[in-house]
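Subject: Structure handover

Hello,

Here is the structure you asked for. Please open it beside this email and follow the notes below.

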Amino acid sequence: MSQVRTRFAPSPTGFLHIGGVRTALFNWLYARRHGGRFILRIDDTDQERNVMEALQPILDGFRWLGIEWDEGPGADGDYGPYYQSERSGLYADAVEKLLASGHAYRDYATAEELQTEREAAQAEKRRFIYSRKFMADTDEKRRAFEAEGRPGVVRLKMPREGACRFTDSIRGEMELEWAREQDHVVQRADGSCLYNLATVVDDHAMAISHVIRAEEHLSNTPRQLFIYEALGWEAPQFAHLPFVAEPGSKNKLSKRKLDKYMKQPDFAKLNDHGRKIAEAIGIEIKPESFNPVVVDFYEQVGFLPDAVVNYLLLLGWALDDKTEWFTREAMIEHFSLERVNKAAASFDPQKLMAFQEHYMVELPVEQRVAKVMPFLEQAGLADKAPAAGVAAIVEAAGDRIKVGGDILDFVDFFTDDDALPYDEKAFEKRLRKPEDAAELLKGFREVLAGVEPFETDAIEGALKGFVEERGIKIGQIVHAVRVAATGKAVGFGLFEALWILGRERCLKRFDRALAQL
RNA sequence: GUCCCCAUCGUCUAGUCGGCCUAGGACACCACCCUUUCAAGGUGGCGACACGGGUUCGAAUCCCGUUGGGGACGCCA
């Protein structure tokens with residue numbers, strides 16, 4: 001077989017859907033696996049206004065994920081242009097050929113007439129197949145219809161008996177009856193062409209060898225195969241991927257059903273996690289473009305592309321019974337269409353987060369710091385890091401920082417000592433309520449003032465000594481100290497926290513808390 | 001409604017031509033341990049072959065049916 005060429009053909013809608021990414025990923029992987037090329041073609045036949053504006057987020061999404069295209073926008077190849085809006089001449093030529101060979105005909109039925117037929121079919125409970133009543137198969141008829149001022153479209157003259165057979169790489173042998181096929185319109189009265197014609201023309205012209213696409217296109221295949229044959233072209237190998245389903249259900253995942261997903265606990269949790277981060281750094285939150293169905297969401301809150309891609313790879317595909325961590329190289333080496341599952345797989349936000357956590361924890365500190373810095377910058381805190389540095393915080397926080405934006409859970413280390421906000425409940429419970437809290441905190445303040453060196457171990461030793469000397473339990477002081485130092489009831493290791501803040505700032509914060517008791 | 005597709009734990013899946021499956025792994029969940037909080041970690045646990053018929057010495061695996069779920073039925077892509 002000649003070179004493998006796969007493609008993904010998004011229409012410029014303004015955002016990249018998580019299910020679309022998976023389809024693109026599988027196409028990309030298949031091309032890479034077989035030393036072929038991956039093409040990005042823009043399906044903008046539907047006269048859009050701001051194509052570039054609506055396309056940018058999609059291109060950015062792919063770039064972020066590292067799914068690079070060999071030909072397409074910004075990557076010229078021998079098969080351009082890669083925008084369908086610039087290829088209309090090709091479609092018109094194909095229509096002429098179809099007409100000339102009798103595989104298509106001009107039709108002059110109006111929308112109302114079609115509707116009447118459709119309703120009649122429905123009333124008789126039979127499948128609606130156009131009667132070809134306004135088919136102009138001779139020049140006379142054509143002139144007559146046009147004299148009436150009817151608009152003319154071009155329809156495919158589909159076979160009405162027999163079956164269309166083809167082999168699907170995922171589903172095996174397929175056999176669909178021609179009789180259920182409509183005489184699909186391929187060209188509108190204004191000369192513009194429709195999807196089914198355009199894809200076939202482009203896939204052929206771009207020498208696409210494997211069409212790997214979502215299951216919803218399965219029913220488009222016969223009509224496309226008809227066009228290939230009519231034009232005397234060799235058809236590509238087809239592979240229909242099951243779609244990605246909603247969390248906890250088998251319905252197709254759709255960006256239009258966000259309201260419903262928000263009621264799904266796992267989805268809502270991920271969404272809230274992202275929203276919290278977005279609010280903290282002032283990203284504009286538009287639910288339709290900032291939510292877990294849209295890839296941009298993951299980039300915005302600081303996910304790792306490798307984690308997202310690895311998760312998506314396993315959504316409908318598996319190598320064996322245990323391998324789950326794949327480097328790009330490993331996925332390219334092992335990917336195969338044969339191992340794609342036939343049933344729809346539902347999107348699981350919790351598992352995606354588990355993958356993210358794994359990848360994040362594996363990263364060396366410097367890289368985690370790099371991942372976190374943009375968020376500190378956007379929050380205006382980058383230059384307010386304590387002396388110990390951001391790396392110390394990142395290290396101490398460990399797996400509490402799951403996505404880049406989680407650094408914002410630790411802003412207390414960046415805020416001015418006299419502006420530290422207190423968690424009211426914690427302040428009440430740990431400092432105001434216990435009778436001895438103030439006295440103990442005062443006592444420990446003095447101990448802390450003299451700790452040498454001011455490091456984690458020494459601080460721990462000092463506190464343990466203090467506890468022993470006073471004959472109290474460690475729990476009686478630790479919480480008060482934490483709230484006084486960080487304003488919060490929870491956080492990472494207390495001794496690390498004190499060390500990171502440094503002696504001066506700890507004392508200042510203690511004094512401020514004491515003053516408010 | 002018509003046509004098509006699909007069917008293993010809550011979820012993602014392994015189960016390649018039927019025996020090694022009293023069905024394996026991961027996520028989630030539960031319990032205990034660890035522990036200055038929250039996480040993490042450790043140990044253990046819960047948990048599935050949709051159902052009914054065949055075929056066979058033997059079926060999660062093959063065949064038929066039922067049920068359930070989903071998709072497509074556009075002058076959208």
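**Helix packing**

H18 and H20 pack with their axes 8 Å apart, at an angle of about 120 degrees. Axes here are lines fitted to C-alpha atoms, for helices over the stretch in contact, and angles run from 0 to 180 degrees between N-to-C directions. Helices (H or I, at least four residues) and strands (E, at least two) are DSSP runs, numbered from the N terminus. H18 and H20 are therefore oblique to each other; angles under 35 degrees count as roughly parallel, over 145 as roughly antiparallel, 65 to 115 as roughly perpendicular and the rest as oblique.

Before going on, note that this is a predicted model, in which local features need pLDDT of at least 70, side-chain atom pairs count only at pLDDT 80 or more, and totals for chains, interfaces and linings use all residues. Residues are numbered from 1 along each chain as its sequence is written, chains are lettered from A and ligands numbered from 1 in the order in which they are written, and side-chain values use heavy atoms, with hydrogens and water left out.

H18 passes H20 in a right-handed crossing. A crossing is right-handed if the near helix is turned clockwise from the far one by less than a right angle, and left-handed if anticlockwise. On the H18 side, Thr-456, Ile-459, Glu-460 and Leu-463 meet Phe-495, Glu-496, Leu-498 and Trp-499 of H20; contact means heavy atoms within 4.5 Å. By class, the contact of H18 with H20 has 5 nonpolar, 1 polar and 2 charged residues. Ala, Val, Leu, Ile, Met, Phe, Trp, Tyr, Cys and Pro count as nonpolar, Asp, Glu, Lys and Arg as charged, and the others, Gly among them, as polar.

H18 (residues 456-470) also packs with H17 (residues 437-449): their axes come within 10 Å and cross at roughly 135 degrees. H17 and H18 are therefore oblique to each other, and their crossing is right-handed. H17 contributes Glu-439, Leu-440, Gly-443, Phe-444, Val-447 and Leu-448 to this contact, and H18 contributes Ile-459, Ala-462, Leu-463, Phe-466 and Arg-470. These residues divide into 8 nonpolar, 1 polar and 2 charged.

The axes of H3 and H6 (residues 195-205) come within 10 Å and cross at roughly 105 degrees. That makes H3 roughly perpendicular to H6. Leu-90, Tyr-91, Ala-94, Val-95 and Leu-98 of H3 are in contact with Leu-197, Ala-198, Val-201 and Asp-202 of H6. The contact of H3 with H6 has 8 nonpolar residues, no polar ones and 1 charged.

Sugar and phosphate make up 72% of the atoms of RNA strand B that come within 4 Å of the protein. The residues of this surface divide into 22 nonpolar, 13 polar and 23 charged. Its largest share, 4 residues, comes from H13.

**Backbone details**

Most residues other than glycine have a negative phi, and most peptide bonds are trans. Gly-80 and Pro-81 are joined by a cis peptide bond, with omega about -5 degrees. Pro-81 sits in the loop between H2 (51-65) and H3 (88-100). A cis peptide bond also joins Glu-452 and Pro-453, where omega is about -15 degrees. Pro-453 is in the loop between H17 and H18. Arg-132, which is not a glycine, has a positive phi of about 65 degrees. Arg-132 lies in the loop between H4 (111-123) and strand E4 (135-136).

Regards

Definitions and conventions: A residue is near a molecule or strand if one of its heavy atoms lies within 4 Å of it.
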